[in-house]
Each structure stands twice: as structure tokens, then as C-alpha cells.
Amino acid sequence: MKNIRSMQAVFGSCVSVAIAGAFALTILSVTAPAAAQNANPSNTAPSKDNGETKSYDVRESYDVGGRIVERSGSGAMYDTLVNMQSGPRILNSTLEVHALPGAKHTIFDNLFENSGGYGGDPNDMSTLRMSKGKLYDFNGMFRRDRQYFDYNLLGNPLVPSGLVSNGYTYPQIGYAPHLFNTVRRMTDVNLTLLPISKVSFRANYSQNINQGPTFSSIHIGAEALLQQFWRNSSDSWLGAVDWKPFHGTTLTVEEVLTHYKGDTSWQFGGQTGLALANGTAVSIGFDNVTAVGAVSASTGCSVAKGQAAIVNGAVTPAIANPCVNGYLQYTRSQPMRTIFPTEAFRFQSSTINNVQMTGRFMYTGANMNMPAYNEYFNGLESRVTANVYTPGVSKGAAPTAWCTVTKNAAGAITAYNDCLSTSTITGSGKAQRINVSADYGIVWQISRAFSVSEQFDFENFRQPAISTISEVDQYSSSMLTAPVFTGAASLTTPANYLGQRTESNRVTGEWEATDWLKLSLGYHYRARTLNFIQSVATDALATGRNYGYNDNENSGLFGVALRPNAQWRINGSVETGWANDVYVPVSPRQFQAYQIRTTYKPKNWAVLSGAYSDMERRDNAANVGYMAHNRSFATNASLAPSEYYSLDLSYGYLDVYSRAINCFVDTVAAAPADSTPMPIGLACGNAVNSATSTTAFYGTSRYDAPTQYGSAGIVLTPVKHFQSAIGYRVNAVDGTTELLNPLAPTGTLQSKYQSPYFDINWKLKPSWALKGDWNYYGYGEDGGIGPTDPRNFHGNMYTLGLHYEH
Amino acid sequence: MERFWPRTRLLLSRASGTGQGLRACWMMLAASLLCAAALAAPPRTKPADVTTKAPAPGDFVGAEVCASCHEAETKGFATNPHTRLALAHNNSGATCESCHGPGKAHVEGGGDVTKIFNPAKASAKEVDEKCLGCHAAAHANFKRSAHAEAGVSCVSCHSVHDGADKEHLLRAAEPTLCFQCHNDQKSQFSMPFHHKVEEGLVHCSDCHDPHGTLQSKGLRATADQNAVCVKCHTEAAGPYIYEHPVVKTEGCLSCHSPHGSPNARLLNVANMNTLCLQCHSATNSSAFPHVVSPTGPAHSQVATEVACTNCHSQIHGSNSSNIYFK
């Protein structure tokens with residue numbers, strides 16, 4: 001992956017520089033006339049310099065410098081969490097231009113530009129805002145985000161160390177099979193014409209491009225590592241008219257069109273250093289938990305009958321058995337285009353005394369079109385077979401090579417089968433989403449002390465989908481043998497549907513009892529109906545799925561806002577609710593949410609704050625036993641008693657907990673702690689315990705992640721021209737979870753992430769300053785980390801910069 | 001496109017209990033109104049407020065007069081967005097008296113503070129009314145927002161004279177401003193895996209509108225009425241030929257903790273398989289017959305099976321596999 005990372009770094013940098021350059025040129029071209037006018041920040045009115053009238057107040061600043069990074073430990077983890085690298089940078093730049101009062105014929109009244117991060121930081125950003133009085137308001141933003149992910153958790157290969165087959169040691173994959181190194185570029189541009197007129201116009205354009213090399217996986221007998229060429233993008237246009245027919249009332253008509261392009265494609269990318277006897281590279285899966293066993297004497301092609309998965313481990317590359325599940329080739333492409341047209345009508349009115357209303361009606365018709373699906377597999381999958389010879393039925397003798405056999409109860413062979421060798425799948429598909437929603441909210445200030453608010457929401461979406469998929473399969477006895485049997489093309493024409501209609505209502509009464517006490521009481525109701533149809537059968541659902549579902553949810557709300565004095569504010573709220581049914585266990589039948597926040601300013605220079613929140617969720621249905629909570633407590637103190645120093649202290653505690661009864665099957669190892677065998681005769685999937693066999697177990701899905709956060713920061717300004725800051729931040733997780741698989745990494749459940757820092761800012765001259773930052777990143781994991789490389793790392797990042805402003 | 005989907009009863013039918021629930025809501029509303037009427041009889045009248053009387057042109061003194069005493073407050077006005085209007089109207093647009101009311105009585109009273117509207121001394125509701133007098137169209141849902149209910153007024157976050165954030169006149173830039181009250185969120189954003197809010201790439205206001213929306217927690221939504229998450233994660237917007245229905249009906253939060261998590265994919269639990277089994281377990285077959293695929297838990301979980309997403313890699317939805325393989 002080194003190549004991918006370095007190529008991307010170079011590519012990313014080039015693009016970044018190009019974008020930054022383009023942005024800079026644009027800004028310069030717009031602002032050159034302004035900047036040329038010899039700015040004078042102290043001016044508050046047009047003045048003359050050499051006979052030329054100045055119209056603008058111009059201020060600009062630049063921070064240029066670079067970063068020096070040194071690190072040790074896991075580079076993959078450093079890049080996943082930090083990804084700051086060495087090199088020169090445009091750390092920051094700002095430009096502010098303001099038209100002076102009375103200036104005539106200016107292009108804009110105000111212009112503001114800010115950029116930072118260009119030159120190699122994972123995140124770059126530029127903003128540009130321009131406005132001219134009542135004529136227009138413009139703002140644009142560009143954001144670039146490089147996301148590097150090499151954390152071996154989601155696609156955990158679980159390959160134990162030292163797994164050997166016939167002299168060949170299976171390699172452990174030291175990186176995430178679902179590694180990605182993508183860049184997201186987001187552009188948002190907004191223009192409002194005549195912003196304060198009776199009729200104003202808005203236009204918006206947004207673009208989101210996300211691309212880069214990634215890995216994925218596919219399961220066809222064994223798991224193959226795939227190179228995933230990630231490229232998704234969307235373009236969105238908005239046009240809107242705002243009409244203010246009366247004072248306090250605005251009517252808006254909006255049309256939004258979004259075009260999504262999904263061009264991600266996949267190809268076989270995970271050779272594991274194996275070849276067939278004829279030299280063809282082959283993969284027998286990247287996540288073999290145990291060495292693939294010998295192909296039994298009664299099955300398997302004649303070449304490798306009775307041999308282990310690795311025929312010869314003494315040569316390089318090692319020779320793999322051609323009769324096990326494996327991949328020689330795999331490609332897939334499924335370009336899709338989706339158009340999301342949305343029409344919206346909104347209104348807002350506060351024209352009627354003491355009544356404020358808002359409403360919205362929206363219609364979206366999303367159309368997804370996948371015109372050309374193409375998938376090709378070449379290898380061997382023993383699960384999918386074709387009968388090539390039936391003793392007593394077929395003429396002639398049994399074949400000398402076959403992939404598998406079928407036996408009857410007496411052990412006699414009833415069929416000789418070949419296995420899936422190649423599969424060519426083509427087709428097309430379409431899906432729609434028709435979404436209609438209407439919302440209305442009103443607040444009526446009945447008296448000075450009492451108000452009531454009401455909000456009603458309606459949403460109904462329907463998603464029909466169809467596709468036509470044709471599959472042509474060929475079968476052979478091994479990966480070394482040409483296909484000898486071609487099955488008939490199979491045609492799949494699913495017609496699927498998902499629809500949901502939701503109505504909800506919330507009414508709240510608010511009583512401002514005194515100047516320091518406000519109470520609110522509310523009730524929330526939601527009703528939902530859902531239909532789901534999936535016509536294609538699965539192994540377990542021979543007729544597919546077709547069901548309807550509905551639920552009703554009720555909750556009561558209570559809120560209190562206290563202001564004992566001008567310096568102290570306390571807010572609290574409670575919401576408790578229940579539902580007669582829930583769609584999935586993690587959507588609870590009973591829930592309570594508690595929140596309390598307080599802010600106290602005993603002095604102008606001191607702010608103390610605290611917060612506590614608790615979200616409790618339950619589903620006590622039989623054999624579900626879902627229970628979860630998110631509890632957090634945090635406190636903060638910001639003290640600036642002197643212009644020479646200030647102090648900021650924070651502490652936070654967060655506990656995320658969940659559990660639910662589950663069942664699982666263990667046919668290999670001893671059951672994990674927390675699990676209990678299921679009663680005899682009770683099934684978990686297709687596994688049933690008997691008096692002599694225990695394979696089905698109850699588990700708990702238990703997860704508990706108490707996390708503590710602390711930070712302390714001091715800002716020192718001993719003299720006017722010198723400022724420094726020193727601080728420390730730490731986040732520590734000390735969690736536990738049900739460990740179904742001892743080889744599965746539990747992630748950062750036992751980890752500590754520390755990042756102390758030290759900054760200085762030394763103003764050399766009125767326009768010049770030196771800046772220096774030191775940031776330390778230390779990440780460590782305790783306990784078992786699973787079958788992967790250690791993820792601990794330490795990194796020091798030094799940033800030096802020169803600041804110029806005028 | 002030909003109508004190929006089954007005719008739905010969704011538009012025609014009503015969820016059982018809907019009628020009762022709505023009736024209960026309306027009854028609650030009616031009861032609230034009655035209570036309100038009782039409490040408000042006779043309604044208290046507003047105290048004398050200079051802003052409620054239609055001022056005569058002669059009641060205004062002009063910004064220059066204000067600046068002669070309130071120099072500190074007017075110093076930052078040169079770069080204040082409100083001055084756009086002043087420029088547009090040749091200094092007769094939004095000025096000091098647009099918010100504080102006509103200043104003649106205040107000036108003639110020798111700076112009598114009772115003769116002018118002072119947001120620092122006013123209640124949250126009075127401040128909000130003043131600001132919404134111009135900004136109601138932009139913040140149509142503010143009065144029903146959690147901030148308004150909690151008495152967090154406009155000036156709690158905005159410094160009208162000269163904010164640290166020039167565009168929105170915020171008292172401090174995001175997320176520092178938000179963390180001043182929501183400091184419990186700070187620990188989530190400091191987890192090893194988090195959205196890059198403190199790094200400045202993502203702002204709280206990208207996902208939440210502090211002025212309120214029609215959704216809970218002030219969450220925004222995309223133009224096509226999807227979760228705000230798909231504004232960036234566009235590939236999850238669908239529609240798919242094979243939907244994983246929970247993604248669309250229950251939302252992203254069923255599986256993800258968007259602020260931060262110990263899990264690399266911001267999952268709600270540490271281990272992928274545990275997360276999947278919370279729903280896809282045969283133990284749920286009586287309570288949730290629709291979510292159980294019996295082949296799921298039949299996969300051996302101990303030392304033989306990899307992460308569910310190794311095979312079910314397209315778990316948000318697929319256009320070619322009903323079990324989300326590809």
C-alpha cells in the first residue's frame with residue numbers, strides 16, 4: 001500500500017495546489033482593484049491619496065511555514081488518526097475588504113476570504129464571502145478531506161499467526177482488508193440576489209466528489225480481497241424565490257436538482273503468494289481461520305484428490321490445490337446514476353400579532369438507473385455444483401476427474417458433480433423514491449407569560465425497484481481444468497418495495513412563571529406504517545419477504561429553565577416515552593432522556609459550566625432483553641483573571657452501554673465467557689442442541705465503554721508581543737464487550753489517546769510575527785489487540801510559521 | 001417508467017391507533033389552550049416598551065450621536081454585517097436605533113437607561129422578538145427550538161456589535177461556542193475516531209441548525225428529504241434495488257455514533273458481529289420476525305467466522321445482491 005499512499009499524496013498535493021492557486025487567482029482578480037488602493041485600516045470615510053479616492057479598507061494576513069513530523073510505532077494507525085505529514089504549508093491566509101462609507105460604484109461592500117492547510121495537510125479549506133448591500137450576498141466554501149483508514153477491525157481477517165499447510169505458512173495480512181485512502185472534495189456556492197427586497201432570489205450549487213483507492217471483499221466460496229476503485233460524486237443545484245407579501249411573512253418556492261454518479265468498480269486484488277501448478281496466480285481466500293484441510297479421497301479432482309490445500313509449500317510461489325475454493329479472476333462494475341428532483345413550498349409568518357407560523361410542503365422523486373451491471377468470476381466454488389454424471393443413469397463410465405460427489409444415506413455415490421468455475425452476470429435495474437412531506441408549526445403567545453406551540457409532520461415515501469439480472473455459469477472439476485459444462489442462463493427479475501408513512505404531532509405549553517423560572521410541558525405522538533417486499537428468495541426465505549408493520553409512539557416532555565440571577569443559568573429537560581411496537585430491537589419500546597445544563601459566570605473573567613445527560617433505552621420483549629444507555633457528565637472552567645494569563649479546564653465522563661440477548665453457533669471452540677448453552681431442542685438458526693451435541697449458545701451482546709476525557713490549557717501573555725499556550729488532552733477508554741471470537745480485535749476499548757501541545761506567538765513588528773507549535777500524539781492500546789500488528793504510536797509534530805499582516 | 005411497484009395501502013390506510021393518538025394530541029392542545037386562557041385571565045400587559053410604539057422620525061438621533069458616548073460598542077461596526085444595510089441606504093439602514101429603538105428620549109434624559117431598549121437587561125423572549133423582527137424568515141423555527149425553550153436567546157451566542165466570527169457575529173467560533181454549554185459533547189469529539197469538528201473541517205452547524213428545524217435536535221436534512229449524513233456520504237443516499245430497510249426507516253443512528261466512538265467506523269459497539277446480532281439473532285424471531293435471517297446466526301461466531309461485513313460488504317444497500325454481498 002505504500003505506492004497507493006505515496007501516489008495519492010502526490011496527486012492530492014498537486015490537486016490541492018491547483019485548487020488553491022485557482023482560488024487565489026479568482027480572489028486576486030476580484031480584489032486587485034481594491035488592494036491596489038493603498039489600504040488604510042484607520043479610514044472610516046473615502047479619502048484621497050495622490051489625488052485618487054480610496055473606496056476600500058483592506059486587511060490581509062498570511063501564515064506560511066511548514067511542519068516537521070517524526071513518529072514511531074504504527075504508521076498505519078498514525079495516518080488513520082492524525083495523518084499530518086512533514087512539508088511546507090500555507091498555514092492560513094485571510095483577506096478582508098470593506099467598502100468605506102460613501103464609496104460609490106463598488107463591486108462589493110464586504111469581501112472576506114480565508115484559506116488554510118494547503119500543501120499537504122489532510123484537510124484544506126477555503127471560504128469566500130462577498131456582499132453588496134441590498135444587491136447580493138455571495139458565499140462559497142471549498143473543503144478537501146483526505147481520509148486514510150487502516151484499522152484492522154471492520155474487515156478483520158482473523159488469520160491466526162503461524163497457520164501452516166504442507167510446509168506453507170499462511171501470511172497474516174497486516175493491514176485492514178477494507179483499507180481506504182480517499183479524498184472528499186466538497187464545494188458549496190450560494191448566491192442571494194436582492195436579499196432584503198420584497199422578492200429575492202437564491203441560487204446554490206454544491207458538489208461532492210469522493211474518490212480514491214480502497215479495498216473491499218467478496219464471498220464466493222472463500223473471501224477474496226478486492227481492489228475497490230472508489231469514485232462517487234454528486235452535483236446539486238438549487239433555485240429559489242422568496243416573496244415577502246406582508247411585513248413578517250415570507251413565501252418561498254424552491255426547486256432542487258441533485259445528480260448522483262456512482263462509478264465505483266471492483267477487481268480481484270488480493271493475491272496471497274500462491275499459484276496453481278501451471279503457474280497461474282490464485283487466491284484461496286485472505287481470511288482462512290484454519291488451514292484449509294485436505295480434499296477428501298472421495299471428492300476432489302483426480303490431480304489433487306486427498307491432498308492438502310497447499311500442494312507444495314517448498315517452492316515460491318507455493319503451489320495451491322486447484323480443487324479448493326479459490327479465485328483466478330474477478331471484476332465487477334455497476335455504474336449508476338440517480339436524479340433527485342425536489343420541489344418545495346415554504347412559508348413563514350409572524351404577521352398576526354403574537355402568532356408565529358411556519359410550514360413546508362416538499363415532493364421528491366428520486367430515480368436511480370443502473371443500465372449496465374457486469375460481473376465476472378473465474379475460480380472455483382464448491383458450494384455451487386452441476387451434476388455431470390449419475391451412476392446407473394448416465395451412459396458410460398464415471399469421469400476420472402470431478403469436483404464433488406453426492407452420496408445417499410448408505411454412503412453410495414449418487415452423482416458426480418463439477419463446481420462453479422466461471423460466472424458471468426449482466427443486467428440492469430431501476431429504483432425510485434417518491435417522498436411527500438408536509439410540516440406545520442405554530443407558536444401562539446397567548447399572554448406575556450404563557451405560550452403554546454404545536455408541530456405536525458407528515459411524511460410518506462415509497463421505494464419501488466426492479467432489476468433484470470442474467471447469469472451464465474460454467475462448471476469444471478478444478479481450477480486447472482477447462483469448463484466442461486455450461487448451465488442454462490438464469491434470469492432474476494426482482495420487484496422490491498419499501499414504503500413508510502409517518503405522522504407525528506408535538507404540542508408544548510410554556511409558562512414563564514417569573515423572570516427567573518420558565519416551565520414547559522409537552523406531549524409527542526408518532527404513528528408509522530411500513531411495508532417491505534423483497535421478491536427474491538434467500539436460503540432461509542424461500543418466498544422472499546413481504547410484510548407490513550405499524551407502531552405508535554407516545555412521549556411526555558417536561559422542561560425547566562432557571563435563571564436564579566443574571567450570572568447563573570440552569571436548564572433541564574425530561575422526555576419519557578413508550579411505543580406499542582418497535583421495528584428493530586435497537587429502537588426501544590421504552591425510553592427516557594434526561595438533560596441538565598448549567599452555566600455560571602461569577603465574574604466577568606470566569607465561566608463555569610456543567611452538563612449531565614442520560615438516554616435510557618429498553619425493550620423488554622421476551623428473548624430480546626435490549627437495554628442500553630448513554631450517560632455523560634462534563635464540567636468546564638474558563639478563567640481569565642488577568643490579561644497576562646488564562647486557564648481552561650475540562651473533564652468529561654461518558655458511558656455507552658448496551659446489551660441484548662442473542663444466540664450464536666459454536667462448532668469449533670469452547671463457548672466464550674458470558675454465554676450459556678441453549679436448551680435442548682431450541683434452535684438457533686439451523687443449529688439445535690441435543691443430548692450429545694452442544695453447538696447453540698445464548699450470548700449477551702454486552703458492550704460497555706466508559707470513557708474519560710480531560711484537558712487543561714494555559715495561555716500566557718507575559719508581555720504584549722509574546723503569547724504562549726500550553727495544554728494537555730487525554731481520552732481514555734476502559735471498556736469490555738462480549739467476545740464471541742477470541743481472534744476478533746475489540747477495537748479501542750482499552751486505549752488511551754493523549755495530545756499535549758505548546759504554542760508560541762511572538763510579534764516581532766506590527767506586521768510580522770513568528771509562530772511555533774508543538775503537538776504530541778500518543779496512542780496506546782492495552783489488552784489483546786487481536787491477530788494484527790500493534791497499533792500503538794507516538795508522534796511529534798513541529799509547526800513553524802511566519803505571520804504577516806497589514 | 002411504467003408503474004411496476006405494488007399498489008400500496010400506505011396512502012389509503014392509517015396506522016392502527018393513529019386516530020386515537022391524534023385525538024389525544026388535539027385534546028392536549030385544547031386543554032393547553034384552556035389552561036392558558038385561565039392563567040392568562042386577565043392577561044398581563046406588557047410594560048412600557050419603547051419598541052412597541054410607532055416612533056416618529058424625529059425620535060431618532062442617528063448613529064453618530066450614539067457613537068459619541070458608546071465608542072466601544074461602535075468600534076467594530078465598520079466590519080459588522082449590519083453595516084451592509086447602512087451602506088446600501090446611505091447610512092440610514094440598520095443602525096444602532098434599528099435594534100435599540102429611537103434614542104432621542106435616552107439622550108435627552110442624559111443617558112437614561114429606562115428610555116432605551118437594552119438587550120443585556122431584557123428577557124430572552126424580548127431579545128428574540130427584537131432580532132426576529134428582521135430575521136424571522138431565516139430562522140422560522142427558532143421559537144420552537146430547544147434553545148428558545150431553554151431561554152437561550154440570540155445574544156447568548158451572537159455578539160451583535162462585534163463578534164469573533166465576522167460572518168455570523170458569533171461570540172466565539174464553532175465548536176468553542178457550542179461546547180460552552182454542550183461540553184458533554186466535547187469528550188465525544190475527542191475520542192480516537194470522530195468527525196473532524198475540532199479540526200475545523202466539519203462544523204456543528206453543518207448537521208444541526210441551532211435556530212431549530214422541523215426535526216428533533218435541530219438536525220438538518222438534505223434537499224431530497226434524506227438524513228443530513230448523506231450530504232457528505234452520498235453513496236448511502238439510495239434508493240437501492242435491495243434496501244437494508246432499517247437504514248432508511250430508523251436512520252443512521254441505529255448503528256452509528258456520529259460524534260465519536262471507540263469504533264473505527266463510529267459504530268455503536270466495538271465489534272461488528274455483536275452489532276449485527278443485536279437484531280439478527282434467532283432469539284428475536286418471535287418479537288421481530290421480519291428482521292431475522294436464520295442463516296445469519298447459523299454462522300458460527302467463534303473462531304471460524306470473520307466480520308459480517310467481510311461478506312455483507314454493501315450493508316447500507318445493494319443493487320445486485322439481496323443479502324448485500326455486492
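Helix H7 (residues 124–135) of chain B has twelve residues and spans 16 Å from its first C-alpha to its last, close to the 16 Å expected at 1.5 Å a residue (1.5 Å times one less than the number of residues). The model is predicted: local features need pLDDT of at least 70 and side-chain atom pairs pLDDT 80 or more, while totals for chains, interfaces and linings use all residues. Residues are numbered from 1 along each chain as its sequence is written, with chains lettered from A and ligands numbered from 1 in the order in which they are written.

**Helix H7 of chain B**
- Buried residues in H7(B) are B:Ala124, B:Val127, B:Asp128, B:Glu129, B:Lys130 and B:Leu132 (buried: 20 or more other C-beta atoms, placed from the backbone, within 10 Å of the residue's own).
- These buried residues pack against helix H5 (96–100), helix H8 (146–149) and helix H9 (154–157) of chain B (contact: C-beta atoms, placed from the backbone, within 7 Å).

**Chain B overall**
- Chain B has 16 helices and four strands (DSSP runs numbered from the N terminus: H or I of at least four residues, E of at least two).
- Of its 326 residues, 44% are buried.

**Contact between chains A and B**
- Chain A contributes 197 residues and chain B 128 residues.
- Strand S24 (residues 450–476) of chain A supplies the largest share of the chain A side, 14 residues.

**Nonpolar core**
- The largest nonpolar core has 107 residues, and A:Leu226 is among those with the most contacts inside it (core: buried Ala, Val, Leu, Ile, Met, Phe, Trp, Tyr and Cys residues joined through C-beta atoms within 7 Å).
- Not counting residues up to four places away in sequence, A:Leu226 touches residues including A:Phe215, A:Trp266 and A:Tyr330.

How values were computed:
Two residues are in contact if their C-beta atoms, placed from the backbone, lie within 7 Å. A residue is buried if 20 or more other C-beta atoms lie within 10 Å of its own, exposed if 12 or fewer, and partly exposed in between; C-beta atoms are placed from the backbone.
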